[in-house]
Amino acid sequence: MHGNETAQDSRQFVPRLIFWELTNACNLKCVHCRACPVDERSPEDMTTEESKTFIDQITSFVKPALVLSGGEPLVRPDVFEIAEYGASKGLRMLLATNGTMVIPEVAQRIVDTGIQRVSISIDGANAASHDSFRRIDGAFEQAWRGVANLKAVGVPFQINTTVAKHNIDEIPDILEMAIREGAVALHIFLLVPTGCGKEIADDEMIDPREYERILNWFYERSKNVEISLKATCAPHYFRIMRQRANGHDAITKGCLAGSAVCFVSHKGEVYPCGYLPVSAGNVRRTHFKTIWDDAEVFKVLRDEDNLQGKCGRCEFRRVCMGCRARAYACTGNYLAPEPYCVYEPGVTKRASER
């Protein structure tokens, strides 16, 4: 399929979730941030009108969920104008924030503009752990105050947690906090060494065997909690689900970069995901549909047969794919084997032939 997709083939791949970095400016200084955020907004941020044009490009052919992220999206004064426009076009509008700016007035604006869910980042079970990761004293308390303000106006919220050495033993407590506070979901993100994450990789990247342990624990807990649990940047979780539940839980695959998910930067650059800095094009110059359908990097990622090394011969590759971003960060080759997976393929027979 590499380089030879027909028009009919390309239509089976539609964006279901688009992450949009409205700005790389942020009020925090998180040590792991993909964007290495800055204090001030960049003059290269897409304008309000460019943002609406981009939404028009999306809705010309598809109606995915659109996540407004950053940086910190709430530093943009037009964030609610953009959100309202997207909602009016039929998009499911979501907001990803650190929570510290969600004062009561902001929470009400979130309701009024049609944002359907908000994710709040919590990276520790206590203030000391969270604030040290976010590098701002008081961030933990402010984030939970933001949660309280969302709850007061009835906005569904989820907790996002980056799993690293400093908090791996706190994940059970973070889950209990999420349940106790009424979150609809807990999404854990396994650290990808890109952006500022490169600088802390040696200190914060957990051992692959620890990944395996935490993902197995996460799967077990998913069976007896009422909220939704999802592992992101952890495609081998879908291999674990297949191994432990005979495939019944693996309703999608692990790495969806370029096949159902993409990331758009504050400059309009389109990437397979926010952690894989291989550009597919720029929406300021090329219509988003053309980028989605025709970008070479997307075509390559849509064919599991292009994977190399043990990922290429793994019987679970069609439900896993390995993290293409971690492969790229560690080797410079996004088709290389997932470097943080302990599984060794036991057979060469492909999942589709089993």
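Modeller: Glu-170 sits in the loop between strand 5 (157-163) and helix 7 (171-181). The model is a predicted one, and in it Glu-170 is buried yet makes no salt bridge. The nearest side chain of opposite charge is that of Arg-134, 12 Å away. A salt bridge would need a side-chain nitrogen of Lys or Arg within 4 Å of a carboxyl oxygen of Asp or Glu. What does Glu-170 touch, leaving aside its neighbours within four places in sequence? The contacts are Gly-124, Ala-125, Asn-126 and Ser-129.

Now the setting of that loop. The protein chain has 14 helices and ten strands. An open sheet of ten strands runs in the order 7-6-5-4-3-2-1-8-9-10, with mixed pairing. The edges are strand 7 and strand 10 (281-282), each of which pairs on one side only. Elsewhere in the sheet, strand 1 (residues 17-21) and strand 8 (residues 261-264) run parallel and are joined by four bridges. Within this pairing, Phe-19 has Phe-263 of strand 8 as its bridge partner. Of the 354 residues in the protein chain, 59% count as buried. Among contacts between residues at least 6 apart in sequence, 71% join residues at least 24 apart.

The aromatic residues come next. There are twelve aromatic pairs in the count. One of them is formed by Phe-61 and Phe-288, a tilted pair with 6.0 Å from centre to centre and 40 degrees between the planes. Phe-61 belongs to the loop between helix 2 (48-59) and strand 2 (65-69), while Phe-288 belongs to helix 11 (residues 288-294), so the pair ties together parts that lie 227 residues apart in sequence. The two partners can also be described by their accessibility. Phe-61 counts as partly exposed because its relative accessibility is 24%, whereas Phe-288 is buried, with a relative accessible area of 0%. A further tilted pair is that of Phe-263 and Tyr-271, at 6.4 Å centre to centre and with 35 degrees between the planes. Phe-263, the bridge partner of Phe-19, has a relative accessible area of 4% and is therefore buried.

Phe-61 and Phe-288 also belong to a cluster linked by ring pairs, together with Trp-20, Phe-54, Trp-292 and Phe-298. Phe-61 has a charged residue over its face as well: Lys-289 lies there, 5.6 Å from the ring centre.

Some backbone details deserve a check in the model. Most residues other than glycine have a negative phi, and most peptide bonds are trans. The peptide bond from Gly-70 to Gly-71 is cis, with omega near 20 degrees. Gly-71 is placed in the loop between strand 2 and helix 3 (79-88). Cys-233 is not a glycine, yet it has a positive phi of about 55 degrees. Cys-233 lies in the loop between strand 7 (228-232) and helix 10 (236-245), and Cys-233 counts as buried because its relative accessible area is 16%, where the limit is under 20%. Met-321 is another residue other than glycine with a positive phi, near 80 degrees. The loop that holds Met-321 runs between helix 13 (309-313) and helix 14 (324-331). With a relative accessible area of 2%, Met-321 is buried.

One more residue is Asn-216, in helix 9 (residues 208-222). Asn-216 counts as partly exposed, at 22% relative accessibility. Which residues does Asn-216 contact, leaving aside its neighbours within four places in sequence? They are Ile-240 and Arg-244. Asn-216 and Met-241 are 25 residues apart in sequence, while their C-alpha atoms are 8.6 Å apart in space.

To return to the request: Glu-170 is buried without a salt bridge, and its contacts beyond the sequence neighbours are with Gly-124, Ala-125, Asn-126 and Ser-129.

Technical notes. Residues numbered from 1 in each chain as written. Predicted model: local features only at pLDDT ≥ 70, side-chain atom pairs only at ≥ 80, totals over all residues. Heavy atoms only, no water. Helix = DSSP H or I, 4+ residues; strand = E, 2+ residues; numbered from the N terminus. Buried < 20%, exposed > 50% of the residue type's maximum accessible area, 1.4 Å probe, protein only. Lys, Arg positive; Asp, Glu negative; His and termini not counted. Contact = heavy atoms within 4.5 Å. Phe/Tyr/Trp six-rings, centres within 6.5 Å; stacked < 30°, edge-to-face > 60°. Lys NZ or Arg CZ within 6 Å of the ring centre and 35° of its normal. Pairing = 2+ DSSP bridges.
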